[in-house]
Amino acid sequence: MENSEGVKIESTVVTEEPLISALDIALFVVIITVAYFWYFKRDKQSSSSEKKPYTIQPSSLSSIEQTSNSSFIKKLKSTGRSLVVFYGSQTGTAEEFAGRIAKEGARYKMKGMVADPEECDMADLVEMKEIQKSLAIFCIATYGEGDPTDNAMDFYEWLQNGDADLEGLNYAVFGLGNKTYEHYNEIAIYIDQRLEELGATRVHEIGLGDDDANIEDDFVSWKEKLWESVCSHYGIEETGEESNIRQYKLVDCSEVLPERIFSGEISRLKSYENQRFPFDVKNPYLSKIAVNRELHKSGDRSCMHIEFDIDGSKMRYDTGDHVAVYPKNSSELVDKIGESLNADLDAVFSLLNTDEESSKKHPFPCPCTYRTALTYYLDITSNPRTHIMKELIEYASDPKDQEKLKLMASSTPEGKKEFHEWILRDNRNIVHILEDLPSVKPDLDHLCELLPRLQCRYYSISSSPKVYPKSIHITAVLVNYTTPTNRVNKGVATNLLAQLIPTNDELPQPTIPIYIRRSQFRLPPKSQTPIIMIGPGTGLAPFRGFIQERDYARKEGREIGEMVLYFGCRKKDEDFIYENELQEYVANGTLTKLHLAFSRDQPEKKYVTHLLEQNADELWNIIGEKSGHLYVCGDARSMAKDVHSIIVKVVMEKGQMTNSQALNYVKKMEQQKRYSADVWS
């Protein structure tokens, strides 16, 4: 555009019409843009400065932090360490095991450090050979259906896709898995083999821990033999020195301003007061409880239908996903710990890592009160592991209590037996131990360091976002049981949920922190694909969402495939959950067939597996002749295994295959996502 034309336009604007010129618009956009970035940059800096002294370290570092902190090799070299223990952890157990190994390294003249692979540049493994007598140990959990944990995903993919030369790297692997699942320790086994393929040297054979049995025993037995192999490989001897060195030091925070003290937030200070999207494991959404109703019609057990309100949260879920619920411990148990230790639970404190190079500055959000730590951050209801028994010995004033702890902390056959019977069989938690060994009075800050983190609980979502876009439904059985010591143990999350009853609109509704965890448990892409769903008890939960979604499609006029549901419970008149809903879906044609098994309504027990065996023709028709999908949800230990065996048998008989061919057929179904399981042990 020529200058004369530009002048003409400007003249017209001023003298003839009140229009805004293109130049004015451009200037306005520039001003708004500058103001926007200035405001948010200032806000971000202010927020960062405000919370810097008191937040825990995030698992994902910023690009600037990664540049300086992601090189574990530099940390090893600068601090004179030769041992690094990586962990792939979903619930905290692998991280705990990694810490115990790193701590014990001092007994073998190997100063160690714990490292999160998500925060490290794992390509630096090629440089481990530059450190004399160096060793990398991997404590790796297998999660879900043979998947790596979230924090080990990048490392797993790096191993899969890369071809680094790892000659000179010395390593050992301990896996954490559960034998009730098909893909037992699959990730640890892969990492162990892949490291060897890339040229690394295995110092000790892989250890496979089974959480369905006694993973603590598996770990301790492997660890003892590991150090024997390490001594042999490097030509070193154990110093014999016990290393009960504290990882964290106590900091008195009594002078800290109240607004700087954590009160249950997972990561960011005041995050429940100032909610920010996106919501995830470190930034959960404080959801209102919209509905909480009983599903059982009678009997002494309880099953709850709960609806979380997510309206306005921007949270989205898919049918088949899980929702994570952050629970809190009962005030009764917390008070018992305070009474046992004569401690002031309202004192404000912080635990600061003694290792300045560690990216984990605090074991949980600090500063906070002891009451907050024991309520929101620490697991006080699970069975303590043997290393806690060992640490408690020095606090026992009664010789008998001291000897009992020493025995349970030992790896002798007698010690393992005592630990198994007194802790595991009798189901004692830390509260029970302090009650039954009254002379044991640990410093409360040390106990807070020792106890594992309280983990969120996952529930299959029992609704479809097509039908309920503003709420998430779950189906949860209230957990209460009596232990051999005649104590009543209560499920942490379900007993909390049972208390969260919505009130009338005039009063604040009860809330609880949640976030959505993605799942691979998905309906077929095509609504016409026939499916079989097998879900006794609360295994029905995700299938309620499946049925809702197909019903929604049917009402839209789309063609839907056959839907066959196998459901089982104890008694029809007692715990047949969602009965009216299911019967309505049968009546309107969404649910093609509903096979019911009420195990205690007749003299002989009747389960869904019995019905499956009786309906072999129907099974083969859908999964064989029509290439349909099959889904299983529920108990992994027996039900899911029995279903798998029945399916293989049906494929053999109806598909006229050998056992080997049938197993391959079912395996292919799993690979094609035509056979999916959402199970728990």
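Mentor: Gladly! Buried means under 20% relative accessible area, exposed means over 50%, and partly exposed lies in between. Keep in mind that this is a predicted model.

Trainee: Why is Ser627 called partly exposed?

Mentor: Its relative accessible area is 42%. Ser627 sits in the loop between helix H21 (616–625) and strand E22 (629–635), and its phi is near 50°, a positive value in a residue other than glycine.

Trainee: Why does Ile388 count as buried?

Mentor: Its relative accessibility is 2%, and the cut-off for buried is under 20%, so Ile388 counts as buried. Ile388 belongs to helix H11 (residues 386–392).

Trainee: How do you know that the buried residues of H9 lie on the same side?

Mentor: In helix H9 (residues 331–341), the buried ones are Leu333, Val334, Ile337, Gly338, Ser340 and Leu341. They cover an arc of only 165° around the axis, so they are on the same side of H9. Ser331 and Glu339 are exposed on the other side.

Trainee: What makes the bond between Cys366 and Pro367 cis?

Mentor: Omega is about 0° for this cis peptide bond. Phe277 and Pro278 are joined by a cis peptide bond too, with omega about 5°.

Note on methods:
Residues numbered from 1 in each chain as written. Predicted model: local features only at pLDDT ≥ 70, side-chain atom pairs only at ≥ 80, totals over all residues. Heavy atoms only, no water. Buried < 20%, exposed > 50% of the residue type's maximum accessible area, 1.4 Å probe, protein only. Helix = DSSP H or I, 4+ residues; strand = E, 2+ residues; numbered from the N terminus. Arc of directions from axis to C-beta.
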